[in-house]
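Subject: Handing over the structure, with notes

Dear colleague,

Below is the structure that I promised to pass on to you. Please have a look at it first, and then read the notes that follow.

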Amino acid sequence: MVTSTPREVLLFTLEGQRYALPLEDVRELVRAVRLTPLPRAPAVVEGLLDLRGELLPVLDLRRRFRLPARRLSPSDHLIVAQAGRRNLALRVDRAEGLLALEPGQLDASPRELPGVGYVAGALKLPDGLVLLHDLRTFLSEAEALELEEALMKEGASP
């Protein structure tokens with residue numbers, strides 16, 4: 001769960017659908033580059049990104065959201081973010097920009113629904129709802145442990 005109510009969010013798209021992350025979790029945006037495979041990583045990990053000497057796991061949001069797989073494209077964006085104590089990257093079709101939240105725009109009730117463990121709420125925007133994701137709960141405990149083991153074997157643990 002997001003520990004405090006975000007004041008700003010980063011909007012991004014996947015397959016034409018918009019999603020959001022709290023801005024306080026976002027470190028930077030970079031253009032997609034070739035990823036290095038990470039053997040023995042959970043299926044949700046697409047590979048490793050070498051960002052100025054820091055090796056970051058890249059999460060495959062398409063797989064997590066059950067969207068069709070698509071090859072990495074130079075037009076894709078990588079959102080470098082903080083998920084608990086781990087830095088990671090998320091491959092998205094496009095980062096749309098920042099949105100300052102106004103009172104009443106965030107509805108936290110979707111996180112109470114079954115099957116939406118990594119959703120912190122829904123943003124009520126004039127053109128529809130946008131799910132706000134909580135990266136701290138994005139990986140299951142088993143996936144987080146599997147990722148740590150794979151990173152240690154590659155010498156990329158934090």
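A residue is called buried when its relative accessible area is under 20%, exposed when it is over 50%, and partly exposed in between, with a 1.4 Å probe and protein chains only. Please keep in mind that this is a predicted model, in which local features need pLDDT of at least 70 and side-chain atom pairs count only at pLDDT 80 or more, while totals for chains, interfaces and linings use all residues. Residues are numbered from 1 along each chain as its sequence is written, and side-chain values use heavy atoms, with hydrogens and water left out.

Let me begin with the sheet. Helices (H or I, at least four residues) and strands (E, at least two) are DSSP runs, numbered from the N terminus, and two strands are said to pair if DSSP finds at least two bridges between them. There is an open sheet of 5 strands with mixed pairing, in the order β3-β6-β7-β5-β4. Because β3 and β4 (45-51) stand at its edges with a single partner strand each, one side of each is left without a neighbour in the sheet. Neighbouring strands of this sheet are turned by 30° against each other on average, direction ignored, where axes are lines fitted to C-alpha atoms, for helices over the stretch in contact, and angles run from 0 to 180 degrees between N-to-C directions.

Strand β6 (residues 77-83) is mostly covered, since 6 of its 7 residues are buried. Strand β3 (residues 26-31) runs antiparallel to β6 and is joined to it by 5 bridges, with Glu28 standing opposite Val80. Strand β7 (residues 86-92) is also antiparallel to β6, through 7 bridges, and here Ile79 stands opposite Leu90. β6 and β7 form a hairpin with 2 residues between them, and Gly84 in the turn has a positive phi of about 70°. Further along the sheet, 6 bridges join β4 to strand β5 (residues 54-59) in an antiparallel arrangement, and Asp50 has Leu55 in β5 as its bridge partner. Helix α2 (residues 141-153) lies across β4, β5 and β7, running at about 100° to β7.

The interior comes next. A nonpolar core is a set of buried Ala, Val, Leu, Ile, Met, Phe, Trp, Tyr and Cys residues joined through side-chain atoms within 4.5 Å. The largest one has 27 residues, and those with the most contacts inside it are Phe12, Leu38, Leu59, Leu61, Ile79, Leu90 and Leu135. At least two residues of this core come from each of β1 (8-14), β2, β4, β6, β7 and α2. Apart from it lies another core, of 10 residues, among them Leu35, Leu49, Val58 and Ala89. If contact is taken as heavy atoms within 4.5 Å, Leu61 touches Phe12, Leu14, Leu90, Arg91, Val92 and Phe138, not counting residues up to four places away in sequence.

A search of the whole structure finds 2 aromatic pairs. Phe12 and Tyr19 form one that is stacked, at 5.7 Å centre to centre and 25° between the planes; rings of Phe, Tyr and Trp (its six-membered ring) pair if their centres lie within 6.5 Å, and planes under 30 degrees apart count as stacked, over 60 as edge-to-face and the rest as tilted. Phe12 is buried at a relative accessible area of 1%, and Tyr19 counts as buried at 10%. Ring pairs link Phe12, Tyr19 and Phe65 into a cluster.

Some residues in loops also deserve a look. Asp25, in the loop between β2 (17-22) and β3, counts as buried at 2% relative accessibility. Its side chain makes a polar contact with the side chain of Arg136 at 2.9 Å, a polar contact being a pair of N or O atoms within 3.5 Å, where within protein one must be able to donate a hydrogen and the other to accept it, and residues adjacent in sequence count only if both atoms are side-chain atoms.

Lastly, Glu15 has a positive phi of about 50° although it is not a glycine. Glu15 is found in the loop between β1 and β2 and is partly exposed, with a relative accessible area of 42%.

With best wishes
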